[in-house]
Amino acid sequence: MALNTRHEQGMALVSALFLIVLVLGVVAVTTQLTVGNLRQTGDTVATAQTLALAQGGRNFAQSLLRGPVGTKLSDTVTDLAQRNVLGNAGTWVFSKGENSPSPDPQRVAQNMQTLAAQLQNSLPGGGCYGPFTVEGGQTLSVRVTFTGALPACDGAVAETVSIGVGRFISGSRNSTQTYSLPYVTVIAASKGAARRTLTVSGEYQFDVGNGSFARFALLTDIHQQSDRAAQIYFTSDTLFNGPVHTNGNFAFYGQPWFGGAVSSSGVTDTGQRGAWFQRTDGCGGRRQPACTAFRDVADLSPTPAYGNAVPTFTSGVDWEADEIELPNNSNDQKGAAERAGILINGDATVTLSVGTAGTEIPGKNGKKYQAITVNGTEYRAFEDSTFYMKSGNTWRVARNASGQEITAFNGVIYASGRITRLAAPARTNANDPKTAPPALAAFSEITVAAADDIRIASDLKYEDDPCDGDLRRGEDGQVIVPNCETDPLVKRNVLGIYSSGGDVLIGLGNTGGSLNVPRDVRIHATLMASVGQVRVENYATADCNGKVYILGGVIEKTYGPFGRFNSGTGQCTSGMQRSFTYDQRMLNGLAPPYFPTTQMTSLLPSRRIIQYGQAEQERR
């Protein structure tokens, strides 16, 4: 009996062990299936994530084409035009010298290939943006090509894709011309082993025409003060982040900084090409180098420096550039004002502001308008270009100089005399520039022109500021460049101030307080005095009044003074200091309406990116 019991217990133990092994086997199989399912689910998730990221990268590629690539395209067109590879808008830009009804397609294609090759070489990494790390361990890269050559990016090998040739689309000689440049972008998104690529082909359509002077951060015909006939030195406080040009000769002291292309013609000051330098490192003594020296082109290569006078040119410098002639009249601006703007016979005061309409103008209730007051007469311009004038207590459609109704306001205000006061509403806090109301509505494009002086007497600010700060040096001496919008189609408000026969004055030291700017005045505009200066009024006698902060550019015959300073301490003794921040939208062709133009070809603001097709590839 005991033997049977032991036998039964042994059988039970074997059964239990078998059951345990069976259960463990089932668990192992289940675990393997679960892990496999999880792995498959993880792969599916990664694949879905890379697809979503690649589709988002396609939008990023479009932004690249509109923004930084568009800026490079503008620079390339300007460079080729300056080197006489391209024609000007008087003929066919990409078929130079032709006067036929339409440009020769083969010549256009050949010059467009030259444009594409130079543009491609100017892009970072030859056209490779990224790879960028995205949330969740994902990576994204974008490759852009106008030549068909795709550089290695995101671990991919270099390859070549088929791409068409550039072509003429529309336009005429002596006018705007539209061309098309084919492109291909490859967007690669990765997460772990999952990788998704999108190949997008399309064409970049762009307009070219005569370039505006608004493209320059600074341009002088003679780089001297007319009343002193002395060199104007750029010092370590000099910062420009846009194109700078003189038809004369620059002069450098310390470490001025230039973030855009710099060029000098050397035809108006000394009559020879080169630049002045002033050093301070133990110079001028017996057997010591001179403190001041003029260095010709041979001495400026490869490093444009003299002792401790060492300017920084981050985008290059051309000491043998062509002369850029300034206009000596304002006929174009006057004609535009006669046709569809505001024409003023004699002197004027002009006030710019922004408002919202009520029921006083039928159909405009709640609409934002650009307010313009000229010698007490009120005007309102709306975003749809309709233009009204107040007569008594009634608003009616404004009329031009010939008495015809203006169906589309062109933005030009012209005075045949002086504009004695150009201003906007005063600050709510006189000591705080941030409290200055905007002078220009977000949609406004205005040029204020006069045959004589124009005096600025207040802040003139954009409602839609394209920059988030000012160009400046930090405490460590490093240059801090603000983040600025580059696309002129995103932020449109722009102001030009042009005197064809006088100066553009920044009001200071006048008996009438309404003629003077507040401390640390903010001026959002491109300022031009083609036979005079942009200068601070009474700069040598008026008390110090902070800085003039200009967002835009300055174009002038001679370099206008802003103030005087103690050479030992650098402290202001009279007038104002200056702070220039370049409006980067000007590089992409933005300009105030009917602003004076050069004879050089330039990219215009309108750019269209047309997508042909898309190919998708999944790779693990």
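Predicted model: local features only at pLDDT ≥ 70, side-chain atom pairs only at ≥ 80, totals over all residues.
One stretch to treat with care is residues 16-42, where pLDDT stays under 50 and the model has zero contacts beyond four places in sequence.

Let's start with Ser 458. You'll find Ser 458 in the loop between β28 (454-456) and β29 (472-473). Is Ser 458 buried or exposed? Its relative accessible area is 7%, so Ser 458 is buried, since the cut-off for that is under 20%. Look at what surrounds Ser 458: leaving out residues up to four places away in sequence, it touches Leu 422, Ala 423, Ala 424, Val 517, Pro 518 and Val 521. There's a polar detail here too, as a polar atom of the Ser 458 side chain lies 2.8 Å from the backbone nitrogen of Ala 424.

Now follow Leu 422, one of those neighbours. Besides Ser 458, Leu 422 touches residues including Val 350, Leu 352, Ile 454, Ile 456 and Ile 497. In soluble globular proteins, nonpolar side chains tend to be buried together. In this model the largest nonpolar core has 90 residues, and Leu 352, Ile 372, Leu 422, Leu 495 and Ile 497 touch the most other members. Strand β33 (residues 521-529) gives this core its largest share, six residues. Another core, of 35 residues, lies apart from it, with Ala 54, Val 77, Leu 80 and Leu 181 among them.

On to the charged residues. Side chains of opposite charge can pair when their charged atoms come close. How many salt bridges does the model have? The count comes to 18. One of them joins Glu 463 and Lys 368, whose closest N and O atoms are 2.7 Å apart. Because Glu 463 sits in the loop between β28 and β29 while Lys 368 belongs to strand β21 (residues 368-374), this pair ties together parts 95 residues apart in sequence. Glu 463 is partly exposed at 31% relative accessibility, and Lys 368 is partly exposed at 37%.

Arg 215 and Asp 75 form another salt bridge, at 3.1 Å from N to O. Here the partners are 140 residues apart: Arg 215 is in the loop between β7 (194-212) and β8 (218-222), and Asp 75 is in helix α2 (residues 68-82). Arg 215 counts as buried at 11% relative accessibility, whereas Asp 75 counts as partly exposed at 30%.

Technical notes. Residues numbered from 1 in each chain as written. Heavy atoms only, no water. Helix = DSSP H or I, 4+ residues; strand = E, 2+ residues; numbered from the N terminus. Buried < 20%, exposed > 50% of the residue type's maximum accessible area, 1.4 Å probe, protein only. Polar contact = N/O pair within 3.5 Å; in protein donor to acceptor, adjacent residues only side chain to side chain. Contact = heavy atoms within 4.5 Å. pLDDT = per-residue confidence, 0-100. Core = buried A, V, L, I, M, F, W, Y, C linked by side-chain atoms within 4.5 Å. Salt bridge = Lys/Arg side-chain N within 4 Å of Asp/Glu carboxyl O.
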